[in-house]
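Me: Got a model open here. Can we go through a few spots on it?

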Amino acid sequence: MEPIDTRAERREKIVYHLETCFNTINHMLIGYVTFYLSYYSYTRGFGKLFTWHIFLCSVGYQFFMAQSLLTLYPANSWTNRHSTATKRHLHWALQAIGCVAILVGIVIEIYLKEDAGRNHFRSDHAITGLVSLIFIALSILNGIAAMYTVKIKHLIKPVYVKMCHYLTGIVAFVIGMTSLALEYSPRMLSVQHKQMLIAFTTITTALTLIGVCKTMTNQCRNLRQS
């Protein structure tokens, strides 16, 4: 009879290979959606300010924010050989670029609406974008606190700080990607292409969060045991 340890190791290898496979698919879908929205922005012309809103928010969420979440995922193809410290640096760098791109994109849209005398944050797309930006700010604050958990552990357990960082980051990313999907409209693309982009955006959101959700599950398990 095969030893239990051997079966467990084999199961872990199978799960890891499956995760690696799905991670590769995720990168392909992220690349496709990012390229399509970038090309759409190019065809609109970067001489128009609204084009920059589309481009910066799309690239900010779909590429930089997604990649920043994937950097710490053990099955992520382009970071799995790096040290934990390097992964954290990449996570922060990609997240910082994404946040700046999103913030500038939203500010441009606010300016355009103000200039046109239109009301702000009326559509579902605009409201979800604003809510996502608020949670991004909270996630950044939690992330900074997570860097100093050793110094503040007498005030709060490090695991609680990290859990808050994970939760606010997940909420920010999910709502941000939802905001992107809400803006896919027939005036931008055909109905078939719209449905495909929404499907790809949904799949990439789910696949990107696998690593974070696994980490949160492990943290919760450790909390119960402590």
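Reply: Start with His165. This is a predicted model, and in it His165 is buried, with a relative accessible area of 13%.

Me: Which helix is His165 in?

Reply: His165 sits in helix 6, which covers residues 158-183.

Me: And what is His165 in contact with, leaving aside neighbours within four places in sequence?

Reply: His91, Ser139, Asn142 and Gly143.

Me: What about Met177, buried or exposed?

Reply: Buried. Its relative accessible area is 2%, and the cut-off for buried is under 20%, so Met177 qualifies. Met177 also lies in helix 6.

Me: Which residues does Met177 contact, again leaving aside those within four places in sequence?

Reply: Tyr61, Gln62, Thr201, Thr204 and Thr205.

Me: How far apart are the C-alpha atoms of Met177 and Ala75?

Reply: They are separated by 22 Å. Along the chain, the two residues are 102 apart.

Me: Switching to the surface. Which residues form the nonpolar patch?

Reply: Phe35, Tyr39, Tyr42, Phe46, Leu49, Trp52 and Tyr111. Together they have about 790 Å² of accessible area.

Me: Which helix gives the largest share?

Reply: Helix 1, with 3 residues. Helix 1 (4-44) and helix 2 (49-70) each supply at least two.

Me: Where does Tyr111 sit?

Reply: In helix 3, residues 84-116.

Me: Why does Tyr111 count as partly exposed?

Reply: Because its relative accessibility is 48%. Exposed needs over 50% and buried under 20%, so Tyr111 falls in between.

Note on methods
Residues are numbered from 1 along each chain as its sequence is written. This is a predicted model: local features need pLDDT of at least 70, side-chain atom pairs count only at pLDDT 80 or more; totals for chains, interfaces and linings use all residues. Side-chain values use heavy atoms; hydrogens and water are left out. Patches are made of residues with over 30% relative accessible area and no salt bridge: like charges are joined within 9 Å, nonpolar side chains (Val, Leu, Ile, Met, Phe, Trp, Tyr) within 5 Å. Accessible areas come from the Shrake-Rupley method with a 1.4 Å probe; for residues, only the protein chains shown count as cover. A salt bridge is a side-chain nitrogen of Lys or Arg within 4 Å of a carboxyl oxygen of Asp or Glu. Helices (H or I, at least four residues) and strands (E, at least two) are DSSP runs, numbered from the N terminus. Buried means under 20% relative accessible area, exposed over 50%, partly exposed in between (1.4 Å probe, protein chains only). Contact means heavy atoms within 4.5 Å.
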